[in-house]
Structures are given as C-alpha cells and as structure tokens.
Number of protein chains: 2
Amino acid sequence: MHLHVRDGEMMRLVTPLSAAYFAGAVVMPNLVPPVADVEAMKKYEGRVREAMGKQNFLPLMTLFFREYGEEELRRAKETPGFFGIKLYPAGVTTNSDAGVSDVLAAESTLRVMEELGIPLLVHGETHGFVLDREEEFLPAYRALAEKYPRLRVCMEHISTSASLKLLEEYENLCATITLHHLLLTLDDVVGGKLNPHLFCKPIAKREADREALLAAALGGSEKVMFGSDSAPHPQEAKECCGCAAGIFSAPVALPRLAQLFAQHGALEKLQAFVSDNARRIYGLKVPGKVVVLRDEVMAVPECYRGYGQKVVPMDAGENLGWSVVGREE
Amino acid sequence: MHLHVRDGEMMRLVTPLSAAYFAGAVVMPNLVPPVADVEAMKKYEGRVREAMGKQNFLPLMTLFFREYGEEELRRAKETPGFFGIKLYPAGVTTNSDAGVSDVLAAESTLRVMEELGIPLLVHGETHGFVLDREEEFLPAYRALAEKYPRLRVCMEHISTSASLKLLEEYENLCATITLHHLLLTLDDVVGGKLNPHLFCKPIAKREADREALLAAALGGSEKVMFGSDSAPHPQEAKECCGCAAGIFSAPVALPRLAQLFAQHGALEKLQAFVSDNARRIYGLKVPGKVVVLRDEVMAVPECYRGYGQKVVPMDAGENLGWSVVGREE
C-alpha cells in the first residue's frame, strides 16, 4: 500500500519485482516534477503498466498534494486507476502548530476530497529533530481527523508507538507499516558502522517502537496495512557521501514478512496485514492473486541489475528462511 | 587531549597537521593490534615523532587498557612520553550493571594506577541503544570515581548534558569535549541526507545536549578540556557502505573553535578550553607554543592527500571565518 517504482530505466528494473509478488500497489507520485495533475498521472500509469509487463498487477495511482479545484478532483475520482492524494508536508516547520495550519490551510481541497471519498495519504513528519518529527506531526493528524471526520487519512509508514496510539483514537485514521520498521532500530543504521542501505525516512526508532509496530502487525490490528515504502536508489547514490533516504525492500518483502510472522507463530495474520485490511479499509477491488510462500531458502542477490541500473536490496547477499514458491493468477 | 594519528602512511599524512597547531596531544592507542605494552608504545612514539617532523610538539602516549601488573605500570610511569591508559569497554553489555562490574573487575590495575597517578581515559559507552550508550555508562564512571577517589578519570568525548552533570559531582572526574559535539546534532548526521563524514562515536545527540556542552566550554568550566578526537579514515572508507566512525577535524580544529568562541563573545575562554585546563588538571609540562589566530578566511581543502592517502576533513570545501596566521615556538 506504499510503493515507489520511480521512472525511466529504474522503473523498468524494479516494477516487475513488485508486480510478480503483489496483486496491486499504491504508486507514489514523487517524481521530479511530481505527478500533480490527471494527465501526468495517466501518462505515468501508462509507463508503469509498460514496465510491469503482462503480470496481473494493479497500480493504484496517486496525485501529489496541492490545492486542487473541485472539478480537478471530480475528474481524478472518475479516472480509472486513480487511488488517492499523497501529502508531503514540505512547508511544515519545526513548530508543530505551523505543521497543523499548513495542512489545514488547503481546506477546500480537503473538503472536496472528503466529500468524494478520496483518501489522503500523509508522510507525517515535521522538520524538527529527526527522532521527534513523526511525534511532532501527530497534532496535524489529530486536527485532520477531527475536522474532516469522513476523510480517510492514512498515516504512512508509521515508525513510533505514539502513532499507533493516535491511530486507535479516530475511526477515519489508518496506517501503513513497512517491513523495515518491523525489523530495524536506529542501531541498525548508525549503531555499529554506518549502513546507508538501511537509511530511510522516517528513520528507524527505538526498540520499544519496533516492538509496538510488530505487535500491531502480528496481532492482526485492523487499522494497519503493509506498505513496503520500497524506495530504490542506484547503488552509487546509496554508497556515497550524502546518500539518499530509502530502502529497496520490494523483492524480499513477502518472504521476509512470512519469515517474521512464522517466527512469531502468527502466519495466520499475514494475509490480513498484506492484503485483507487494505481491501476492507479502502473498499478496494484488486484482482485476485494467490502467492504461495514456503519455508524454503531464498538467496537474496547482492544487487539487481538491468537497464543500466544497479540497485542493492534489503538483506542483500543473505539467505531468507522463506521464499515464494508459486503463484496462481 | 584526545587524538588519533593512526599509523603508517595515514600517520605520515595527518600527524603534521596536528603538530603544526598544537603543543601536544594525547595519542590514542587503538591500533591493530592495540598499543598494550611499553615496548610497543615506545616504538609507536618513535614513529609518531618521525611523522611529525621537526615541529615543536609533544605526543603524550597512551596504553590500551588491560590488566597490567604493578611492575609494568611502574615501568610505564617511568617511561618518558607516557601519559595514561585508555579504556574501551569492549566487554560491556547492554546492561549497565555489567558495564560497571567489567570495569571494576580490573581492581588491582586500577588500584596501582591510582597509587602511581596514572590517568584512566575512558570511552564511556555501553553496547545499548546508540543514543543511550553514554548515559547508561554513567554508573560505571560513578563507581570508578567513588571506589578510586584519587584516580584521575577522564570521561572522553562526552556528548550529553547528563555527563556534564555527573562531572560536577566528583572531584576526580574530568572530561574532554570534541569540536564536533559543540557543533552537531544527530540531525546533521541523518536528518537530511546521510553524512558519513559526520558519523562518529559517541554519535551526536540532541540540540539540548549540544547547547549544554557549548555552555560548559564557553563558560570556562574548569573540568572540561578540548579533545578533538580527530579520527581520520581514508575517503573510500567513509564514503561507502559500512562507513567507519570518526571525524577528521585536526586541521580545522583551532580556527573553527576560534570562530565558535568569537561568535559567542567568549574568545577569552578559548585558551582555558584548549590548553590551560588540561595543564592544570593533569599537571602537564608541555613546551610553550604560541598560535596566533585571526578572523581571516581559511579555505578548507576538499581533502588532504599524500603518501597514497586521501582523507576528507570536517568542513571540507568551506570557508571558515578564522585562521591560524602565525606561530611562535
């Protein structure tokens, strides 16, 4: 429910890796320039569909948040393949009140989104201290949830136990959780040697946060959905000075989740986390797809290459305990 | 009061950059293998002296902490150039009590060090969560300070306000503070793009910690001394996957400190921080050396090269507001 497939050659390399294992994915609009009108979105969808090939996969397309007129929103809503609008609160400051007012300023857009049933997907971080950004943004979520009670607001890639608590307070809030936030803490990024391949935003937090997120996923919480936030960057952009944020987890996501859920004796909750919850929360009609996972070794490649691109996946070079052994479409 | 000059070609490149600006430096023993006996220390001192050339500079040599016999310690104490023993609590666990017992286990060594007046220099971190490691180690400092009231214990490169508080409680505790912990927070390392050149241990903490450390330095606290912890690594070992911890600040340390103290109207406190406090605390007799700093631009090189080495300094490519304009020896 949260995927970056990029564009161009990188898109051609990575899209099939998601399309092979998933029935659909929410495709994020943060290209340069961002996907911020229906025409651009339709064109992008066309490129994604070309990249995914003949696989049974539904790209759920998104627009980049800005102030949209009612007509534009109606047109988006009627466009096949459109899913929702993604907000990156670029204008927010370290002051969380300012964050709230920035988000709420786009009142007419939000009102129409609420009316039309267009989900608002939010990267909920302020520009404050890196470990506090998500928690500082919670008042903005609260304000959105209260002011627009019928607006479906998704707290994307939550990384703290505080977000989980807020989630329970409002019926119209839901959240995605990544694989890496179920597995990692800040120690994995900067606790030993620096690991640029595990550097992401929101940054991985404390063990207590990780445990709370894991408990929500394993416990079958109906408000959380798997969203990999798989975010590929070329190897040279990760292993350098000034490395970009993002973890490329798409090719290992399902096997690694199966391993994790199995380790905790919670395999029967995996289906809810990776599929059922999202279908129910959003009323999604995604084509059926059966992926068969088994506790057989998956040797994760050191990197994925193709189209002149080279990208290093999460768990590169490691053996996972589970793998995808079959698909029925 | 805390410097890594390494060995071999890197030592030949970096040592003159400290020797040019400082009258002396405590040279850390963490080579591979570590400097852990008097013979190795004397040989290392010889290599350091060769690398520094004819400059007026006193390398204050250290031994790597282990259990030492009384005779060894007496011999070290009598060896010209010997300064103290550096403890890296490699055996400590996430449990701070275990940290305390590990350190205190070497009782006879510590007792003789106390008796002979050999300073114990400590990298005070547990193996806990990266942001908590220093604070978790404080009980070990407290135990050392109480059990060995005449042992001079230096809390090296402190990075938290909690350490400053403990420092004030015991007469036999002192501390070094780096340049980078006066300037940086975790945001500078992982808040935007990942910056491997600012990745160090202890990792930079919160703004409140930085402000407390700065206040101690600017305020002329008599218990804190400048220790750059300048820790060069080859450029390729910093800009890669799995980058090593350490900031190479030696060539910019004095000008950047002068700029910082001047910005805060505290230039008159600089001498105490970079020199007088250490002389008084340790009763050091270091040859006099006058370094003249002025508010003239220093263009920091993108890197320092030589002897087949290439190392990127802190503030690489930037213009500092202060520079060293003269020396009298």
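Visitor: At what angle do helix 6 (residues 133-147) of chain A and helix 7 (residues 161-169) of chain A pack?
Guide: Their axes lie 9 Å apart. Axes are lines fitted to C-alpha atoms, for helices over the stretch in contact, and angles run from 0 to 180 degrees between N-to-C directions. Helices (H or I, at least four residues) and strands (E, at least two) are DSSP runs, numbered from the N terminus. The packing angle of helix 6 and helix 7 of chain A is about 10 degrees.

Visitor: How are the residues and chains labelled, and what kind of model is this?
Guide: Residues are numbered from 1 along each chain as its sequence is written, while chains are lettered from A and ligands numbered from 1 in written order. Local features need pLDDT of at least 70, side-chain atom pairs count only at pLDDT 80 or more, and totals for chains, interfaces and linings use all residues, since this is a predicted model.

Visitor: Which residues of helix 7 of chain A meet helix 6 of chain A?
Guide: Helix 6 of chain A and helix 7 of chain A are roughly parallel (an angle under 35 degrees; over 145 is roughly antiparallel, 65 to 115 roughly perpendicular, the rest oblique). Helix 6 of chain A brings Glu134(A), Glu135(A), Leu138(A), Tyr141(A) and Arg142(A) to the contact (C-beta atoms, placed from the backbone, within 7 Å). On helix 7 of chain A they meet Ala162(A), Ser163(A) and Leu166(A).

Visitor: In what order do the strands of the chain A sheet run?
Guide: The sheet is open and has seven strands. Its pairing is parallel (two strands pair if DSSP finds at least two bridges between them). Strand 1 (24-27) and strand 7 (224-226) of chain A each have a single partner strand, so one side of each is left without a neighbour in the sheet. The order is 1-2-3-4-5-6-7.

Visitor: Which residue stands opposite Lys86(A) in strand 4 of chain A?
Guide: Strand 3 (residues 82-87) and strand 4 (residues 120-122) of chain A pair in the parallel sense over three bridges. Opposite Lys86(A) stands Leu121(A).

Visitor: In chain B, what is the bridge partner of Leu121(B) in strand 5?
Guide: Strand 4 (residues 120-122) and strand 5 (residues 153-155) of chain B pair in the parallel sense. Helix 6 (residues 133-147) of chain B lies across strand 5 and strand 6 (173-177) of chain B, at about 160 degrees to strand 5. The partner of Leu121(B) is Cys154(B).

Visitor: Which helix gives the most to the side of chain A that touches chain B?
Guide: The contact takes 23 residues from chain A and 23 residues from chain B. With five residues, the leading contributor to the chain A side is helix 9 (residues 186-191) of chain A.

Definitions and conventions: Contact = placed C-beta atoms within 7 Å.
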